[in-house]
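Thanks for making the time this morning. I would like to walk you through one model, going from the chain as a whole to its strands and then to a few single residues.

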Amino acid sequence: MRVWQHINVLATQGPVYIFSAGGERDATTAGMPIAAGWRHFNSSEFSKSNGLLAKIARAILPRQYVLPGTFAQFAINRALRAEILQQKPDVIVLSHWKNACPRPLRKRNDLILDMHNIESLLGTGVRATVRWGFVRNAVLWRWRRRERALVRHASRVWVCSLNDVERLKRLDPSAPTPIVVPNAVDIGRYTKVREKTIELPEDLAERVQTIVYIGPYSY
């Protein structure tokens with residue numbers, strides 16, 4: 001919802017182009033009405049390499065994308081550079097990134113990092129799953145280094161609350177003061193829902209209780 005609201009607000013100032021990498025997009029996500037364009041890289045197109053070269057690369061190279069293919073990031077970065085050259089954006093928003101800064105976005109003065117959380121301090125998925133304390137501390141230390149470097153590559157940082165401003169200062173005292181952009185919903189878009197004047201989708205019958213769950217069960 002946060003990303004969707006950002007897209008809506010930015011679209012009032014000009015065309016918005018989306019570049020993404022991750023899971024497969026099905027027919028229901030083939031397009032986005034408000035976006036001028038959407039380029040997506042499907043992770044299943046890149047096979048996971050387990051050879052010696054791939055293992056060395058995983059140990060040395062910063063993991064720029066959440067993809068199984070060690071060398072997929074080279075192809076994605078080429079496409080990202082081409083997209084930037086073609087669209088010539090006034091601003092680039094890197095949304096909720098937990099990985100190393102993609103190489104085409106480094107040392108740019110138009111990069112905004114939108115941080116949903118200060119992930120390395122929360123330790124989501126690490127504190128609860130890594131049993132050995134020294135291993136857990138090493139993982140979190142590496143995560144903090146990665147997130148600190150990510151912040152330093154951005155010209156602006158957006159966070160959700162004043163609490164996150166304090167957390168970011170803990171993470172990196174030298175980081176510039178971030179801009180608080182709170183989570184928000186445009187309630188005007190739901191007026192017809194509140195007034196019960198909205199037309200139901202065809203597959204929902206009237207006077208039948210229906211629960212809609214929005215979000216991944218894994219989270």
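Predicted model: local features only at pLDDT ≥ 70, side-chain atom pairs only at ≥ 80, totals over all residues.

Let me begin with the protein chain as a whole, which has seven helices and six strands, arranged along the sequence in the pattern α-β-β-α-α-β-β-α-α-β-α-β-α. The C-alpha atoms fill a box of roughly 60 × 40 × 40 Å along the principal axes, and of the 219 residues, 31% count as buried. The accessible surface of the chain comes to about 15,300 Å², with 56% of it belonging to carbon and sulfur atoms. As for charge, there are 33 positive and 18 negative charges, and their mean positions lie 14 Å apart. If we take the contacts between residues at least 6 apart in sequence, 46% of them join residues that are at least 24 apart.

Now to the strands. E1, residues 17-22, and E2, residues 37-42, pair in the parallel sense over six bridges, and in this pairing Ala 21 has Phe 41 of E2 as its bridge partner. The covered face of E1 carries Ile 18, Ser 20 and Gly 22, whereas Tyr 17, Phe 19 and Ala 21 make up the uncovered one.

The strands E3, E4, E5 and E6 form an open sheet in the order E3-E4-E5-E6, with parallel pairing. Why is one side of E3, and one side of E6, left without a neighbour in the sheet? These two strands, residues 92-95 and 179-180, stand at the edges, and each has a single partner strand, so one side of each stays without a neighbour.

For E3 the pairing is with E4, residues 111-114, again parallel, over four bridges; Leu 94 stands opposite Leu 113, and Ser 95 opposite Asp 114.

Helix H1, residues 2-11, lies across E3, E4 and E5, and runs at about 125° to E5. Its buried residues are Arg 2, Gln 5, His 6, Ile 7 and Asn 8, and among the elements that cover them are E1, E4 and E5.

Lys 88, in the loop between H3 and E3, has a positive phi of about 50° although it is not a glycine, and with a relative accessible area of 63% Lys 88 is exposed. His 96, which lies in the loop between E3 and E4, also has a positive phi, near 50°, and is likewise a residue other than glycine; its relative accessible area is 28%, so His 96 counts as partly exposed, the range between 20% and 50%.

Finally, Ile 60 belongs to helix H2, residues 52-60. Is Ile 60 buried or exposed? Its relative accessibility is 64%, and because the cut-off for exposed is over 50%, Ile 60 counts as exposed. Ile 60 and Ile 92 are separated by 32 residues in sequence and by 27 Å in space, taken from C-alpha to C-alpha.

How values were computed:
Residues numbered from 1 in each chain as written. Heavy atoms only, no water. Buried < 20%, exposed > 50% of the residue type's maximum accessible area, 1.4 Å probe, protein only. Pairing = 2+ DSSP bridges. Contact = heavy atoms within 4.5 Å. Axes fitted to C-alpha atoms, helices over the stretch in contact; angles between N-to-C directions. Areas by Shrake-Rupley, 256 points an atom, 1.4 Å probe, with all protein chains shown as cover. Lys, Arg positive; Asp, Glu negative; His and termini not counted. Charge placed at Lys NZ, Arg CZ, Asp CG, Glu CD.
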